[in-house]
Protein chains: 2
Amino acid sequence: MRSRSEEEDGTAIANRTAYPRGKRVSLIPADHACGLCPVRLQTFCGLLEAEDLARFKYQGSTGRLKPGEPLFHEGDAADLVYNLTAGTLKLYKLLPDGRRQIIGFLLPGDFLGTAPGDHAFSAEAVEPAEYCRFARARFDAFVDTHPEIGRELYLMAVHELAAAREQMVLLGRKTAAERLATFLLGLFDRARARNADWEIVRLPMSRTDIADYLGLTKETVSRSFTAFRTAGMIRLLPADRVELLQRGPLEELASANAG
Amino acid sequence: MRSRSEEEDGTAIANRTAYPRGKRVSLIPADHACGLCPVRLQTFCGLLEAEDLARFKYQGSTGRLKPGEPLFHEGDAADLVYNLTAGTLKLYKLLPDGRRQIIGFLLPGDFLGTAPGDHAFSAEAVEPAEYCRFARARFDAFVDTHPEIGRELYLMAVHELAAAREQMVLLGRKTAAERLATFLLGLFDRARARNADWEIVRLPMSRTDIADYLGLTKETVSRSFTAFRTAGMIRLLPADRVELLQRGPLEELASANAG
DNA sequence: CGGTGGCTTGATCATCCTCAATAGGAGTGG
DNA sequence: CCACTCCTATTGAGGATGATCAAGCCACCG
């Protein structure tokens, strides 16, 4: 059995909501390796000038995952850090008897950091995914020479901590309907932060995944979806998409939290 | 309604378990203001040489709380950071209808940081408490000139994030007995990390507090205590103390998590 | 078309919650 | 020292939310 301090894991950052961020460098040469990266400005990469960014990029590599393919497992040595550039990942922890708690979904632009030691959770693709990958040792060294990135990482960790606490309220105190409403609105907000002002969002994860994220069963999730649909709050579209019809009642349920 | 980015809050660090930490400065002059501080070596203060520590101390002040007295409320402006030097605090979030989720208990030596914006949770004394307090702006400036403290804060945030995820597993997937077993063992471990190898620990918080931390009701907590007592795993002593009689069965229940 | 896998729906069950009453313990005043 | 109060913890009975078990449905795909 590993010692507790070896079980530490890092920051997995989901850009759920806006947070105070450093100033982005919007223009880099078109022929730059990161020039076409669709998420550069959403990550700390956007903090770097072209020259630094090139040096940084040179230290990493890219990869690709098929749906269901793991990026790493809980207990694996954690010596890489990742930046998700496309697709969706789920992060989860297992109990010995197989019960599973999904602790978050990562979308393009999210950072998946790791601290020294072993991974405290597993990461797996929900749909085809692509990522940039860096050796943690090199990454840390790079951060040491770029304090603005260190500061950004700290803010990301603090932000993620706030999100985790929000989720603790959901898991500890909300009803099934409230959990799903919170989840859906969160997805819409995250989508809005990235794309346009769409009222339609894709749900790449299965009902089982949603259930394991919300502390419910797939049946209860399904019933709650049906209830929302019947009440005219949402519409379920082909290709795993959901349309938001009435934000009000859902917000009422999600009851963000008291001020 | 505040914008999302204003709702950010900071790092509240519970020294639940060991984590990789910077090297402590064990000797400082006896007449130093922090010379008698019982928790100096458990906090980042222990990283500072006497001279720096004096400068740091000079920027802060101390305070005291009676049981039940709030340190701040969710929604208050967050422009101070705290170091708990004695007593116990509970941190919690409320839903509009009064449902409460306690997101953590702070013990002496724990740091209660805040990020710009408003507090995302409330903090309140469970038993008489004492703390050091610093203006966040000054604290940040001090951190900027002491990168070793910045690094420590980052590690603390990452550590707290791991603990929050562990709690998500508890809240989402564990049974009542498993939750209480996990909670009790966590308390024993935290106590051991601070004091001696005692098998007796004090529970300064009420059954209601424990329930709101574990996502249960006080009745269910009480019944689980009784079950553990009846099974001979623990003994309930006067003055809110619990003695650990059989660690094995409790660990079985807590089922830390799969490797 | 038949098969496969995920989603939905239904019926029953169990855990935990709710409501209510009792017991215990600390503090107070006679 | 004892009675009284207040507050919390414990215990009990009944009920509800969500889990479990079990079909049926639907889309997708060979």
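Which side chain has an N or O atom 2.7 Å from a phosphate oxygen of DNA strand D? In the predicted model described here, that side chain belongs to Arg207(B). The model is predicted, and local features accordingly require pLDDT of at least 70, side-chain atom pairs count only at pLDDT 80 or more, and totals for chains, interfaces and linings use all residues. Residues are numbered from 1 along each chain as its sequence is written, chains are lettered from A and ligands numbered from 1 in the order in which they are written, and side-chain values use heavy atoms, with hydrogens and water left out.

Sugar or phosphate contributes 62% of the atoms of DNA strand D within 4 Å of the protein, and the bases contribute the rest.

Helices and strands are DSSP runs numbered from the N terminus (helices are H or I, at least four residues; strands are E, at least two). H6 of chain A and H6 of chain B each supply at least two residues of the surface near DNA strand D. The most is given by H6(B), with 5 residues. By class, this surface has 3 nonpolar, 7 polar and 6 charged residues, where Ala, Val, Leu, Ile, Met, Phe, Trp, Tyr, Cys and Pro count as nonpolar, Asp, Glu, Lys and Arg as charged, and the others, Gly among them, as polar.

DNA strand C is surrounded by 16 residues, of which Arg207(A), Ser222(A), Thr226(A), Ala176(B) and Thr220(B) are the closest. Of the atoms of DNA strand C that come within 4 Å of the protein, 66% belong to sugar and phosphate. An N or O atom in the side chain of Arg207(A) is 2.7 Å from one phosphate oxygen, and a polar side-chain atom of Ser222(A) lies 2.7 Å from a phosphate oxygen. Ala176(B) contributes through a polar backbone atom, 2.9 Å from a phosphate oxygen of DNA strand C. Helix H6 (218-230) of chain A and helix H6 (218-230) of chain B each supply at least two residues of the surface near DNA strand C, with H6(A) giving the most, 5 residues. The residues of this surface divide into 3 nonpolar, 7 polar and 6 charged.

Among the sheets of chain B is an open one of 4 strands, in the order E3-E8-E5-E6 and with antiparallel pairing; two strands pair if DSSP finds at least two bridges between them. Strand E3 (70-72) and strand E6 (100-106) of chain B each have a single partner strand and stand at the edges, so one side of each is left without a neighbour in the sheet. The twist averages 30° from one strand to the next. Within this sheet, strand E5 (residues 89-94) of chain B is joined to E6(B) by 6 bridges, and Lys93(B) stands opposite Gln101(B) in E6(B).

Strand E9 (residues 129-135) of chain B pairs in the antiparallel sense with strand E2 (residues 60-65) of chain B over 6 bridges, and Gly63(B) stands opposite Tyr131(B) in E9(B). E9(B) also pairs in the antiparallel sense with strand E4 (residues 80-86) of chain B over 6 bridges; there Ala86(B) stands opposite Glu130(B).

In chain A, an open sheet of 3 strands has the order E8-E10-E9, with antiparallel pairing. Strand E8 (200-202) and strand E9 (234-237) of chain A are at the edges, each with a single partner strand, so one side of each is left without a neighbour in the sheet. E9(A) and strand E10 (residues 241-244) of chain A pair over 4 bridges, with Leu237(A) opposite Arg241(A) in E10(A).

Conventions:
A residue is near a molecule or strand if one of its heavy atoms lies within 4 Å of it. A polar contact is a pair of N or O atoms within 3.5 Å; within protein, one must be able to donate a hydrogen and the other to accept it, and residues adjacent in sequence count only if both atoms are side-chain atoms. Axes are lines fitted to C-alpha atoms, for helices over the stretch in contact, and angles run from 0 to 180 degrees between N-to-C directions.
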